[in-house]
Structure formats: structure tokens, C-alpha cells
Amino acid sequence: MSRPAENRQFTDLYLARLAGQEHFIQGDEAAALGAIFAGCNFFGGYPITPASEVAEVMARELPSVGGYYVQFEDELASISAVIGAAWAGARSMTATSGPGFSLMQENIGYACMTETPCVIVDVQRSGPSTGQATLPAQGDVMQARWGTHGDHEIIALAPSSAQECADLMIRAFDLAEEYRTPVIFLMDGEIGHLRERVVLPSPKSLRRTERRKASPGQPVFGGEAVPPMHEFGDGENVHVTGSTHREDGLRDVQTAEVHDRLVRRLVAKIENARKKIALVDIDTDDGASVGVLAYGATARPAKGAVLRARAEGHRVGFVRPVTIWPFPIDEIQRACDGLQRLLVPEMNLGQLSREIERHVDCEVIPLPKIGGVIHTSREILAAITEADS
Amino acid sequence: MTLRRLADPEFFEAFDTVEGDGGEPVLQPDYGIRDPLDGLVLDDAPAAPRTSHHRLLKYLRREVLPTTFCVGCGGGTVLNAFAHAVDEMRIDPKTIVCVTGIGCSSWIPSPYFLCDTLHTTHGRAIAFATGVKVMRPDMKVIIIAGDGDLAGIGGNHLIHAARRNLDLTVFLVNNFIYGMTGGQVSPTTPFGAKTTTTPYRNVEHPFKIADIVAAAGGSYVARWTTYHAFQLMESMQNAIDKRGFSFVEILSQCPVSFGKMTGMGDPVAQLKDLRDRSIHIDDAKDVPEDELKNRFVVGKLVEHRRAEFGDGLQELIARRREALSDELDAGLRQDTSALETGR
């Protein structure tokens, strides 16, 4: 028994055509095209500003590569179907924004617990609640980390340009497969709607991390840090449950050791791979006592401010975590080595600043900004000048 | 209404065959004897543990037996009918994915039925199943869950799935109560019933959930009860066979949680009540509506043909690819270097 045949050659020709063009598209669209190049073949979603363009491009492109777009009645159904599709063999994803991301949290936990590879795009907008629906924010950084209940680790990536939306998306799908985990693609409304030049990779240059399949009889919920998977239809009678389960997938919610062993492994498989998962853009400046750490859209004016400050004679370090979770501790510490002060502009009231404070020796100065307005380079430059005086 | 199969001797033989399925016999727990009036009466401990074979045992996960269902629960009847339906249809269980939610009824196939099983979060079984079925149209995707799960927290997914008409099969086990949490009022609890959260009687009106699914566009919709085991089994087969969204509401007894506050703690009495209140849809046609108020209309409510969602998806992919292939032929096939371009 097998799925309907995929026409790989046709798909490659189609991708080659997309790769042969230069695109001038929004971050949302680039993220969707990145997903197509990553081999995504199932998208379940529900419209929401500022993420709807991801769904629109997926609806347009998926049939061309033999994939399925399904629009659901809500975000609860979307994430559910994405997880179901993954167990049926899909590379699957959904895209939403804050309110929908809140609705998805329970099943993101289900995906963690059942070790289901999938990608969840959150194009962050200003909250809480409906907030400023059309305006950008970075207020879901901690929700991405701790939104679902219970102990868990999560992977979250934050792109800073339309090009990076495409490139990182391919990485996101690979990480989901490599660690059998949901990956949060933490965009923001600014990057989602930012229109820029995007070039897509040649299909021949793609080296996708394919799903590691278990051999017959092999347990799929234990035995190694990241166990290989059986999929539905493999004839293995796989039992998938969000309840605490043994290595063979069968429920055992009463034995403390079983729960302890399972949850510690789920945490450790990502925790221990922190360095491998870490992507950090570091631009140090010898002798600098001031540094700027920014991510997502905020990294753009921040980098501009750093370059301008350097032109004015300041010594300023710059670091941009692309991987937000697991927090790239070593790389950030290295980037902050020797700094006296670290400025952290964020489009929230200091969510990542507190995490950084736990790990670096220098003084962390949050530069929070909310209201749906991105930082200007001038604001950050003023802060650099003040901190460096 | 046909009751012909009640006399099928093979069915009764199946319960106590020494032939079995060739596997190890399963240790049968000693539940004692349940007296309809005195409740559970434990007889003397048997000399040796009782074991049993059953020709349908091959469809169950042996290592998790016996089931955790309360004595007198209707869940066992549903599991039995389901296993019989699969057996009679000669479906290879390896081609079935059972998707369930949270609640007693979700345990009927998970973990007991031996097939690929996705035991999901509360209310979301149909949504999960949609992802599975879209990716694997070649597999039978069957949802078994309760009234609280599918009609309560997951009600929206239910009606949208009926509207979408993907080839899913749903068996909603309606025991009129939140059983696993101890007997709280559910969206199908009868008006006026006492439950742990309606101690002064329920002042909400219950859903006729099968009617709702029929109105929402289900391709096959039926209602039966655990009393009507054979009709249920036949209806299950029709539902599994039906291309499109098919739905069987199974009214079931819950002597423990529904019985707790309603005074209907005796499963036999509850089954008889289900029998006495049931009226076949053919017979109900001539009965004035107000006389059907406290009756359960059983039988096939709806069966029709509508375009199936999975076929629609395949068709649009084919259409898109056909349109593209001309373009790709014209442009790319001449220029083989196209595959090398890009970054």
C-alpha cells in the first residue's frame, strides 16, 4: 500500500523554473515558497492578518508540486490536521498570527509529546488579544517557548529578511525531521509584509533531511534520543497518544519513571543539540564596550544603527540570534565577551532581554517598543551613543 | 426493520469457541455476576483463572486487555460490533487508521483495536483525521469518540467535516454524559436530567446530533443504539463502505456516570429503555412530531452522493499539472540548464 505517486521530476522542473527567476515578494510569500522548496506537501490553515499571504501562496503553489492545501474552520483544526498529515507521511505546516498561535498551543504540546515533525509559522502581530491586528510586534517570543503546558523544549527561528524567510524555512523543515519536533517559524508582521528581492535555490542543490524510518518492530517512542518513525500504513500498528506512553507508544500514565524518562528525553534531545541548532549572526568589533542584540525585523534598524555608529567612531558589537529557542547560550556569550553593556531593542516589553540577562555578564539594557511601530535606526543610534559615552 | 440476523447462530458460537485465533488465550477477569436488582454480586472465587479465545481476538491489542470499561458499559458492544464489521468486510486492519479524542468512547479503538491509532486531544479527532485521510486516501480513516468530544468541544469540526465531505467514517458513541470526568452534563444530556453539574435538573436542550450532521451535508447518516447490535454492525459496514463523510450516532448506556444522578444505574434497564424509546425511521414517518419527543428515531437518516473532498483535491492537482506541463514542456525541457540555475 502506498500513497498516490509523486511526480518528482515534474516537481523539480517546476522548482527549477521558480529558482530561475528573481522574485520581488513579501516575507510571507518567501516563507511559503521556501516551504515548497523544503518539500512541504500539506498545509492546513485559517486566514489571519498578517499571515494570510502564506496560506494564499501555499494554496496557489501546492497543487503544482502535488501537495495539498486545506483551509480549516479554525486554527485548532489546522494544527490538528498538520499533525495528522505528518503521521501519514507529510512534510506539513501551518501559518498563523498571535490569536491563532494561542489557539494552537494545546496541540503544539501534543506534537512535542508525540514527537511529530511539523512547522508552525507565527507572523507575530501586536497583542494581547486582537490588539493592533494589522501591525507588527515580537510579543510571542515567550509564548513560542512556553505557550503549551508542561515541561518541553522547542525550536524557534526568527528571520530578518524576505530572503531569510525562504532560506530558513528549508532549515526549519530539516530541523523538524532531524529532531522529530514542531518547529516555530517566528516571523513578525514587519518581515511578513516586507517586499524584497528573493532568489530560490536550485532543486539540485537542495539536501533535505529526510524522515528517518524505523525498521519493523522497532519502538518509535524511545530507544534513542531521537527515535526513528513509523508512519500510518507501514503495517506496524503504531499507537500515537499525547498521554504519557512507553517506548512502544502504549499509554502508561501511572508510572512516575515512565513519565520522567519520556519527558526528560524529549527535553534532552533538543537541549543537547543546542549548538547544532544554533544559528547566530555575529559581527563583533574589537575593543567594543557596547553591543546591540536584535532579532527579526528589529535587527534591520539595529544593524543600520550599528553601522552608522561605527562610521561615527564608536566601537559597537552586533549579534543577531536567528535561532531563538533553544537559546544559543554559547554563541551569545562569545559575542558579548568583553562588552560592558548590551542593548536589546525588541518590539515587546523586554521578553528576550530577561533570557539574555541570565546568560551574559555585561549589563543588559532593554530597548522595548510597542504600539505596532518598528524601531528607527535613529532611536537605536541614540541609545548606542548614550551607552558608549 | 430487519432483525433477521439476531438469529444468526454463528454469532453466538463466536463468543465461546475453543478454536480461537491460534494465539495465547487471554486471561478473563472475574467480574462476578451482576443482578439487575441487587447490582454486582461476587460469587466465590473460581478455582482456576478463566481464560478465553475469541475468533475476533486477532483484531485486538492483547497486551492491553481486559478493557478498562466499567461493568455494563456500552463501549464493549461498540468494539464488538466494529470488530465484526471489519471482519465481515474482510478489511485488512493494516489499512485502517483509527483516530480518537478524549473520553471513555475514544478508548474503544485506542488502545484496544489493533491498527494504526492516533489518540488525539479533546474534540480534535476529526481534524487530525482530515490530515491523515488527505495524505492517505487509500486508507480507511475511522473516528470513534463520544458525545462530549465530537458534539461538544469538537462540534464545529464535526459539522465542517460533514460539509467538506471527505471520505471519513465517524462513530459517535452518545452516552448522554461526560463519563470519564464523572458524570457532568453534556450537549446530549436530556432536558430535565440530573447530573453532577445539573443537580437541580438540566435546563438546556440536547442536540439531536445525527440530524445536525445530516443537515450539514453528511453523505451517510444513521442512528442506532447498543441494544441494536446487529443493525449497528450492518450500519457500520455501510458507513465504512460509503464514499464521503459517513456518520453513525450510537446511543449507548452508561450505568456508572449517567446512572449516577439519573437513577438509571442498571445497564439492562438502560438498554431496555433504549429499545423501548427507539422507533425506526420508516415507522416514525406516520407519527406526529410531538409524539416523537421522547423517542429516538433509529435507522438510516440520510444517504446520498456528493462530490468527495479528497477526489476534489486530486482533480485540482491533475488540472493544475496539466496546465503547467505545457508551459514546462515549452520552456524548460529545451533548456536543460534550467535545473542548474538558481543559487
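Visitor: Why are H11(A) and H14(A) called oblique to each other?

Guide: In this predicted model, local features need pLDDT of at least 70 and side-chain atom pairs count only at pLDDT 80 or more, while totals for chains, interfaces and linings use all residues. H11(A) and H14(A) pack at an angle of about 50 degrees, with their axes 8 Å apart. Axes are lines fitted to C-alpha atoms, for helices over the stretch in contact, and angles run from 0 to 180 degrees between N-to-C directions. Under 35 degrees counts as roughly parallel, over 145 as roughly antiparallel, 65 to 115 as roughly perpendicular and the rest as oblique. The angle of about 50 degrees belongs to the rest, so the pair is oblique.

Visitor: What makes the contact between H11(A) and H14(A)?

Guide: H11(A) brings A:Pro301, A:Ala302, A:Gly304, A:Ala305, A:Arg308 and A:Ala309, and H14(A) brings A:Ser377, A:Ile380, A:Leu381, A:Ile384 and A:Thr385. Contact requires C-beta atoms, placed from the backbone, within 7 Å. By class there are seven nonpolar, three polar and one charged residues (Ala, Val, Leu, Ile, Met, Phe, Trp, Tyr, Cys and Pro are nonpolar; Asp, Glu, Lys and Arg charged; the others, Gly among them, polar). Residues are numbered from 1 along each chain as its sequence is written, and chains are lettered from A and ligands numbered from 1 in the order written.

Visitor: How does H11(A) run relative to E13(A)?

Guide: H11 (299–311) lies across E12, E13 and E15 of chain A, at about 165 degrees to E13(A).

Visitor: What makes E11 and E16 of chain A edge strands?

Guide: The open five-stranded sheet has the order E11-E13-E12-E15-E16 (chain A), with mixed pairing. E11 and E16 each pair on one side only. Pairing needs at least two DSSP bridges; helices (H or I, at least four residues) and strands (E, at least two) are DSSP runs, numbered from the N terminus.

Visitor: How do you know that E12 and E13 of chain A pair?

Guide: Four bridges join them, and at least two are required, so they count as paired. They run parallel, and A:Gly291 stands opposite A:Gly317.

Technical notes. Contact = placed C-beta atoms within 7 Å.
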